[in-house]
Amino acid sequence: MASSPGRAMFFLGLSLVLLGDLRCSSSHCSSSQVYVVYMGKGPQGNSDGQHDILRLHHQMLAAVHDGSSEKAQASHVYSYSSVFQGFAAKLNKRQAMKLAEMPGVVSVFPNTKRRLCTTHSWDFMGLSTNAEGEVPGLSTKNQENVIVGFIDTGIWPESPSFSDHGMPLVPKRWRGQCQSREANSPSNFTCNRKIVGGRYYLNGYQTEESGSSKNAIKFISPRDSSGHGSHTASIASGRFVRNMNYGGLGTGGGRGGAPMARIAAYKACWDSGCYDVDILSAFDYAIRDGVDIISVSLGPDYPQGDYLSDAISIGSFHSTINGILVVSSAGNAGRQGSATNHAPWMLTVAAGTTDRSFSSYIRLANGTFIMGESLSTYHMKTSIRTISASEVNAGYFTPYQSSLCLDSSLNSTKAKGKILICRRNEGSSESRLSTSMIVKEAGAVGMILIDEMEDHVANHFAVPGVTVGKAMGDKILSYVKRTRHASTMILPAKTILGLRDAPRVAAFSSRGPSSLTPEILKPDVAAPGLNILAAWSPAKNDMHFNILSGASMACPHVTGIAALVKSVYPSWSPSAIKSAIMTTATVLDTKRKTIARDPNGRTATPFDFGSGFMDPIKALNPGIVFDAQPQDYKSFLCATSRDDHSLHLITGDNSSCTHRASSSATALNYPSITIPYLKQSYSVMRTMTNVGNPRSTYHAVVSAPRGISVRVTPEVITFENYGAKRTFTVSLHVDVPPRGYVFGSLSWHGNGRGARLTMPLVVKVQTSDKA
């Protein structure tokens, strides 16, 4: 997810906007980097038209290279000419500015690097674990006709999670390819009836990375060398594996949400990250190949840039216009306002927990047991002398620095043979595994890590190790301080169910509000993202399964259910599928209490989980959806200050912003309502489409935000036919101005066995004339 602070950003039309002074020194202007030149919707037609587009790209490049076609050719990295049009090239700042002023250019922005943001999780959410993933009462056998594209680090095709045993022939409509290498190459990659496509994109990575990173590439093919892509793909669409486990932990049968759906792997991410130009090329091909869903477990750093200077927003816009739902992760920054992937045409997922923990006990010599989190299964034979790492500071390092177990900060003479107590705070840059390696290199034989962030992420360590929270850590330190020759023993990790209330919002999960368009609630929904067991690449640490945490793991859980919904309702639009998942989500945990958030256990809000925690079964029978068509997203772009010329380029049609003055982002038919600048009164309209019983009646039930009165007109809506649409108005009025954001909900309760759906109400009263 990386977007550098102070990077240049270019926006629409003939104007160029930079984060800083538009002028630049000759030295700054002469330094080159890769830029994306986005030109809107691509040409429709034969290959001759695409050749014309490529010729145009080279002519544009030659124009900024003083007419030199050789320099233009040398600077060219990619052309995008299938679904959307544009190119990537190595340019200096002045050349980029010149291109941004050319007719037909929507935006120009730097090529930034993005970061990559289950045997039990589906059980926890109530989805059966049968091998085919069939849901009683619904026809989910059509999964085999749903193709899910993953833009990630590739895939390991030999994993049992991607077996094609018993799968029928690949759908004839599929246009994808399998970029395989020669059979005797380590990069060899072959597709099957499960993995129906595999492509890789390397130009941006090779152009930007230095020699050492380039040489570190293991497989120049769609084969996964890091494990991340295999992990996410198996969560969403992995086949049933009878004995999935990680070193004996989490043992059980496991599968993805839509185990019979097909997979297409688009490898745009490499060991050091994912570059915009490669991501855009992956989107371009995925749309052209004919995928039904795209899963993107990555995103930009916050605050996110403009929609049309962001590769994922651009790629997902064109995907949506072509009927493809894009599911993305909200991010792992864990702070308010840190959520990314804000575009309303994407389904953005926050990370939550399940009721499964991987726990390890620390036995103090006085007989006390303290529980922590770990994936370490080492067996200590005896208690070992335990000291705080602050007591073993080396050289010029202070006791505080050595307490964090920083590299080279530990005195190996004092640390040798002991268990060290290390601290980890919000500013810690080392991973937990790296910290344990530093401890091991210092000669210590174990580590107790006090994690002040208390995110409950279980980790494997280089030595017997366990993570505890601040309260338990202070208890251990107190014991060590008052006990002469204090000793402890770290016991092997175990799998424990029901230890903590669940689900909860994970501490690391990025939160709203949206920094780009606060009228659109982000994230949209939450799903399991903590300590998820799934497939892995044996090229990384010689493992076939691994346990990971992050919004990257939450995203494919929603992808899998989106594929199931698509299999039951193949004609539904991306927004209808998104609505079904959002409006049926729950805000209650398994004990029927409002979902809390880690690390403090406070009540979570829609900024934490969006509409709530996904409910797979209910999502398959929502009763009502809030649909949106391409024209609605075009109106949204008008409301967010797009001019007619730019809109023409983006959409490739004659769309215009004729009603710009009255346009508002809140007018989008979104399955949530957010009013960030409520002055006194405001009304919002939404349109429901009946996808349940042909004859059904729904009653509005309001839980008003504190200090706000809410009126719904009409309060009762009746449908006579399947597919019928009804519009209602939600009027909000300030009674007692609250401070900050306040939250409520609007539910529609169906008659008889009718569905019940809920949409969040998020309001902030404007206390000054400033918007």
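Reader: Quick one on C178. Buried, exposed or partly exposed?

Author: C178 has 28% relative accessibility, so it counts as partly exposed. Keep in mind that this is a predicted model.

Reader: What does C178 pair with?

Author: C178 forms a disulfide with C191. Their sulfur atoms are 2.3 Å apart, and the cut-off for a disulfide is within 2.5 Å.

Reader: Is that link right-handed or left-handed?

Author: Right-handed, because the torsion about the S-S bond of C178 and C191 is about 100°.

Reader: Where do the two cysteines sit?

Author: C178 and C191 both lie in the loop between β6 (147–152) and β7 (195–200).

Reader: How many disulfides does the count come to?

Author: The count comes to 3 disulfides.

Reader: OK, C269. What's the partner, and what's the S to S distance?

Author: C269 bonds to C274, with the sulfur atoms 2.2 Å apart. The angle about that S-S bond is 105°, and the link is right-handed.

Reader: Are C269 and C274 buried or exposed?

Author: Both C269 and C274 are buried.

Reader: Now C405. What is it joined to?

Author: A disulfide joins C405 to C422, with 1.9 Å from S to S. This link is left-handed, at -75° about the S-S bond.

Reader: Which parts of the chain does it connect?

Author: Distant ones. C405 is in the loop between α11 (399–403) and α12 (412–415), while C422 is in strand β20 (residues 419–424). The two cysteines are 17 residues apart. Both C405 and C422 are buried.

Reader: What about C555, buried or exposed?

Author: C555 is buried, given its relative accessible area of 0%.

Reader: Switching to helices. What's the packing angle of α9 and α10?

Author: About 10° between helix α9 (residues 276–289) and helix α10 (residues 311–321), with the axes 9 Å apart. So α9 is roughly parallel to α10.

Reader: Which residues meet there?

Author: From α9, the residues are D276, I279, L280, F283 and I287. From α10, they are A311, I312, I314, G315, S316, H318 and S319.

Reader: What's the split by class?

Author: The contact of α9 with α10 has 7 nonpolar, 4 polar and 1 charged residues.

How values were computed. Residues numbered from 1 in each chain as written. Predicted model: local features only at pLDDT ≥ 70, side-chain atom pairs only at ≥ 80, totals over all residues. Heavy atoms only, no water. Helix = DSSP H or I, 4+ residues; strand = E, 2+ residues; numbered from the N terminus. Buried < 20%, exposed > 50% of the residue type's maximum accessible area, 1.4 Å probe, protein only. Axes fitted to C-alpha atoms, helices over the stretch in contact; angles between N-to-C directions. Parallel < 35°, antiparallel > 145°, perpendicular 65-115°, else oblique. Contact = heavy atoms within 4.5 Å. Nonpolar A, V, L, I, M, F, W, Y, C, P; charged D, E, K, R; others polar.
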